[in-house]
Amino acid sequence: MKRLVYAALVCASLSLAGGARAQTPPPARSAELYEQLGQKEGIRHFTHRFLSIVLADERIKGKFEDANIDRLEGLLAEQFCDLSGGPCQYSGRDMGTAHRGKDINTAQFNALAEDLQIAMEEAGIRTAASNQLIAKLAPMYHQVVTK
Ligand code: HEM
């Protein structure tokens with residue numbers, strides 16, 4: 001599964017960076033992505049499920065011991081809405097500041113991305129759309145991973 005998520009990350013990034021090939025449909029515009037994620041209600045739903053998967057995930061749950069989960073859930077939903085072109089403006093800290101000193105490594109970053117993909121899959125979001133959201137998070141790697 002980890003490999004699948006990684007492959008999805010790479011493919012999504014490549015398709016964004018390299019542009020669409022002749023037989024590949026062009027990536028949806030940002031506002032379309034927001035629609036495909038189910039707008040605010042759909043995003044709120046899979047973000048809630050995402051956090052429950054994260055908090056049960058032995059690989060990373062320890063990182064969230066002192067976290068304010070309600071606040072985090074609200075900020076994540078807002079961030080996903082914003083990134084997907086929805087009518088929201090992310091109001092939390094920048095990713096570097098939010099994750100400073102948390103000693104997050106690559107395996108933990110991939111675990112979190114995998115949990116998000118599972119939550120979206122469970123919510124019935126199309127793989128193309130979930131890959132697009134994951135691809136928007138991929139560039140945050142360097143601000144989040146410090147170990
Ligand atoms: C692209 C990947 C990630 C995104 C988009 C993301 C997003 C966020 C956001 C929006 C916040 C809240 C910012 C704020 O407090 O103002 C946050 C905080 C946090 N994140 Fe991440 N995160 C990512 C990766 C990770 C990973 C891999 C871990 C650990 C395995 C992690 C652990 C935390 C913790 C512990 C907090 C602080 C929560 C609190 O203090 O209440 N994050 N993250």
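Visitor: How many helices and strands are there in the protein chain?
Guide: This is a predicted model, where local features need pLDDT of at least 70, side-chain atom pairs count only at pLDDT 80 or more, and totals for chains, interfaces and linings use all residues. Residues are numbered from 1 along each chain as its sequence is written, and side-chain values use heavy atoms, leaving out hydrogens and water. Helices (H or I, at least four residues) and strands (E, at least two) are DSSP runs, numbered from the N terminus. The protein chain has 8 helices and 0 strands.

Visitor: Is D115 buried or exposed?
Guide: D115 is placed in helix 6 (residues 106-122). Buried means under 20% relative accessible area, exposed over 50%, and partly exposed in between (1.4 Å probe, protein chains only). Because its relative accessible area is 3%, D115 is buried.

Visitor: How many aromatic pairs does the structure hold?
Guide: Rings of Phe, Tyr and Trp (its six-membered ring) pair if their centres lie within 6.5 Å; planes under 30 degrees apart count as stacked, over 60 as edge-to-face and the rest as tilted. By this rule, the number of aromatic pairs in the structure is 3.

Visitor: Which kind of pair do the rings of F50 and F80 form?
Guide: The ring centres of F50 and F80 are 6.3 Å apart. Their planes stand at 50 degrees, so the pair is tilted.

Visitor: Where in the chain do F50 and F80 lie?
Guide: The pair links distant parts of the chain, 30 residues apart. F50 is in helix 3 (residues 39-55), and F80 is in helix 4 (residues 69-83).
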